[in-house]
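Work through the exercises below with the sequence and the coordinates open. Each task is followed by a stepwise solution.

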Amino acid sequence: MIYLDNAATTKTGQVAQQAMVACMEECWGNPSSLHTPGQRAAEVLERAREEIASAIGASAQEIYFTSGGSEADNQAIRSAAALGRRQGKTHLVSTAIEHHAVLHTLAALEKEGFTVTLVPVDESGIVKVADVEAALREDTALVSVMFANNEIGTLQPVEEIGRLCRERKIPFHTDAVQAVGHVPVDVEQQNIDLLSLSGHKFHGPRGVGALYVRRGLPLFPLIEGGAQERGKRAGTENTPAIVGMAAALKEACAHREENAARERKLRDQLIAGLEQIPHSALNGDRERRLPGNVNFCFEGIEGESLLLLLDDKGIAASSGSACTSGSLDPSHVLLAIGRPHEVAHGSLRLTLGEETTEEEITKTIQAVEEVVAYLRAMSPVWRQLQKGERAYVIQ
Ligand SMILES: Cc1ncc(COP(=O)(O)O)c(C=O)c1O
């Protein structure tokens, strides 16, 4: 199988697997217990916290472990909103292309009396700093802008937005789930107050993540119970998963530059190959995107069929994000960059990983060409386009 769905999840790496097995065998105690097995677990937990912190330029006390990116996003936003409410600030700013973990949390807060401004992005999928600035108000309690988009891979001007927020003393959250381990992330340099990350996007296990919270910024718990995570996240820690995540991130950061350079080269080959298909278009900015992200629209076809036929040919891809597939709504991200509904339906996301080879890229280009031609031959929309009864959206 050619696996090109690394944005959905990555294969748990050897390094993470070994760290997890060792942890389960040797450090299986409850980290809250005072006896030796418990303290052994507490020790590896704190070492993992230090490793995660150092990967993003934070200190260990600023890291809270969660069940993944979704929980980290929910807690960051709800906590900043609760703090805002106490100060009489009930306005929240974010963007139209966020992950649903952010968008749905904001929608829920809207029902609880908050006002939400979703800043648009330009046609390349990047938010303008000036638009974020224009959205800020006296009563803005939080700005949340993702580091890298999960569908089209675009990298947002996080550092500049962070600076803007810092000047106005507005907490700034970034969902860096797709970025950490793949591009440089530094909470100090990039003026970040809250950051979400998730283990399974960099060859760690699923169901584990972390929330970075700048020292001094109050954090409210989502889950009440025991005093774990300094009272901010109750529940006995999933030590093996946390240790596996930390080992994977350390490994990803150690090889980040070489992996990114390789992926970028293969990504650009894949883009160049797919652009040869008539009436196709790359979604998202060509340069300011994740090293491994390719996302295309093909006119006159259905993304779901494309995906299934590629699967038959041994290629695992995605149309839209994994979280939205299963619904027939076109991707909110593609709509936000101005793709009309009918074109947004014909989208394909291919996300490369450190194991992707040049041979796989060549095979993929050929397979996509064949499948697109096959589907177009059966498509009534394509026939209309060809006969001139309908205008092409993608030239
Ligand atoms: C940008 C982004 N945020 C949040 C999440 C959710 O992370 P998790 O699956 O760990 O809950 C994802 C997962 O796809 C994502 O891509």
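**Exercise 1: the two domains**

The chain is assigned domain 1 (14-254) and domain 2 (256-387), with bounds from an automatic or database domain assignment. The model is predicted: local features need pLDDT of at least 70 and side-chain atom pairs pLDDT 80 or more, while totals for chains, interfaces and linings use all residues. Residues are numbered from 1 along each chain as its sequence is written, and side-chain values use heavy atoms, with hydrogens and water left out.

Task: Describe the contact between domain 1 and domain 2.

Solution.
Step 1. Taken over C-alpha atoms, the domain centres are 29 Å apart. The contact (heavy atoms within 4.5 Å) takes 31 residues from domain 1 and 24 residues from domain 2.
Step 2. The area buried between the domains is about 2,200 Å², and carbon and sulfur atoms give 56% of that area. Buried area is the accessible area (1.4 Å probe) that two parts lose on being put together, summed over both.
Step 3. Between domain 1 and domain 2 there are 11 residue pairs in polar contact, both residues at pLDDT 80 or more. A polar contact is a pair of N or O atoms within 3.5 Å; within protein, one must be able to donate a hydrogen and the other to accept it, and residues adjacent in sequence count only if both atoms are side-chain atoms.
Step 4. On the side of domain 1 that touches domain 2, helix H4 (100-111) and helix H7 (239-254) each supply at least two residues. H7 gives the most, with three residues. Helices here are DSSP runs (H or I, at least four residues), numbered from the N terminus.

**Exercise 2: the ligand**

Task: Which polar atoms lie 2.8 Å, 2.6 Å and 3.1 Å from oxygen atoms of the ligand?

Solution.
Step 1. The ligand is surrounded by 13 residues (a heavy atom within 4 Å), and the closest are Ser 70, Asp 175, Gln 178, Ser 198 and Lys 201.
Step 2. A polar backbone atom of Gly 69 accounts for the 2.8 Å distance.
Step 3. An N or O atom in the side chain of Ser 198 is at 2.6 Å, and a polar side-chain atom of His 200 is at 3.1 Å.
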